[in-house]
Amino acid sequence: MKYLDFIELLQSYADESFANFQRRLIFTERIILGVRTPMLRKIAKQYMANMEEILSFPNEYYEVVFIKLTQVSQLPYEQFLVHLNDCVSWMDNWALCDSFKVKCIREHKQVFLPVLQATFAQGGEYQQRYPLVVLLNEYIKKEYLSDIESFIIKADTSYYYVYMAVAWLIAEILIKEYECGVELLKRHITDAKTHNKAIQKAIESLRLTQNQKDFLRSLKIENYNK
């Protein structure tokens with residue numbers, strides 16, 4: 001398949017009103033056509049046999065990158081690893097990062113941790129957010145909490161989307177492993193802004209009791225420089 005033919009295919013499913021909606025939420029330098037996510041996933045599956053060709057296409061369109069990530073996410077673990085660094089380098093917004101969910105990781109959690117650490121150590125905004133989101137989705141169990149804590153401590157929350165990912169991650173720990181999450185908050189391993197945002201996000205959840213939420217409010221850090 002030729003690149004221009006592929007773009008023409010995507011344009012046939014474009015919705016300008018949806019594109020305008022996406023542009024208000026997704027900050028990217030790429031062109032957004034406004035193809036809805038279910039259709040992008042359908043196209044990715046339909047053209048899986050053309051993956052290597054599609055991976056060679058330019059990254060000028062948001063939808064093309066989304067399809068690339070979706071196809072890579074379907075690969076077996078060893079093949080997925082071959083493409084991981086490229087995939088993370090293509091991420092320039094939260095939507096691409098957070099939609100890159102790879103099922104094969106679930107069967108390789110322990111060996112994938114060093115890979116996440118290596119990605120995180122690259123230091124960019126999405127090189128950090130991607131591992132944090134993977135930890136949030138796949139690793140919130142007591143056996144991994146010490147590993148998660150090491151990521152949180154090293155996270156550069158001066159990046160907005162890293163800051164939000166850390167807060168989201170801590171909130172999920174509070175929801176799934178409440179006592180461990182409370183102990184983490186009490187040790188103040190993040191800056192005050194991230195600490196308070198994590199509490200805010202946890203309190204917004206329907207999965208905590210009112211007593212738990214009231215106690216979390218008592219752990220907020222007051223009078224810090226915002």
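Predicted model: local features only at pLDDT ≥ 70, side-chain atom pairs only at ≥ 80, totals over all residues.
**View 1. Helix H5 against helix H6.**
H5 covers residues 62-73 and H6 covers residues 77-90. Their axes come within 10 Å and cross at roughly 155 degrees. Angles over 145 degrees count as roughly antiparallel, so H5 is roughly antiparallel to H6. The crossing of H5 past H6 is left-handed.

**View 2. Side chains where H5 meets H6.**
From H5 come Val-65, Lys-68, Leu-69 and Val-72. From H6 come Phe-80, His-83, Cys-87 and Trp-90. By class, this contact holds six nonpolar residues, one polar and one charged.

**View 3. Helix H6 against helix H8.**
H8 spans residues 109-120. H6 and H8 pack at about 15 degrees, with axes 12 Å apart. Angles under 35 degrees count as roughly parallel, so H6 is roughly parallel to H8. H6 passes H8 in a right-handed crossing, whereas H5 passes H6 in a left-handed one.

**View 4. Side chains where H6 meets H8.**
H6 contributes Tyr-77, Phe-80, Leu-81, Leu-84, Asn-85 and Val-88. H8 answers with Val-111, Phe-112, Val-115 and Thr-119. Eight of the contact residues are nonpolar and two are polar, with no charged residue. Phe-80 takes part here and also in the contact of H5 with H6.

**View 5. The largest cavity.**
The whole structure holds two cavities of 30 Å³ or more. Helices H7 (94-99) and H9 (125-138) each supply at least two lining residues. H9 gives the largest share, with five residues. The lining of this cavity divides into seven nonpolar, one polar and three charged residues.

Ile-170, Leu-184, Leu-185, His-188, Ile-189, Thr-190 and His-195 line the space. Four lining residues are nonpolar and three are polar.

Definitions and conventions
Residues numbered from 1 in each chain as written. Heavy atoms only, no water. Axes fitted to C-alpha atoms, helices over the stretch in contact; angles between N-to-C directions. Helix = DSSP H or I, 4+ residues; strand = E, 2+ residues; numbered from the N terminus. Parallel < 35°, antiparallel > 145°, perpendicular 65-115°, else oblique. Left-handed = near helix turned anticlockwise from the far one by under 90°. Contact = heavy atoms within 4.5 Å. Nonpolar A, V, L, I, M, F, W, Y, C, P; charged D, E, K, R; others polar. 1 Å grid on protein atoms, 1.4 Å probe; cavity = no way out; pocket = protein on both sides within 12 Å on 5 of 7 lines; lining within 4 Å. Points joined across faces, edges and corners; volume = space filled by probe spheres on them.
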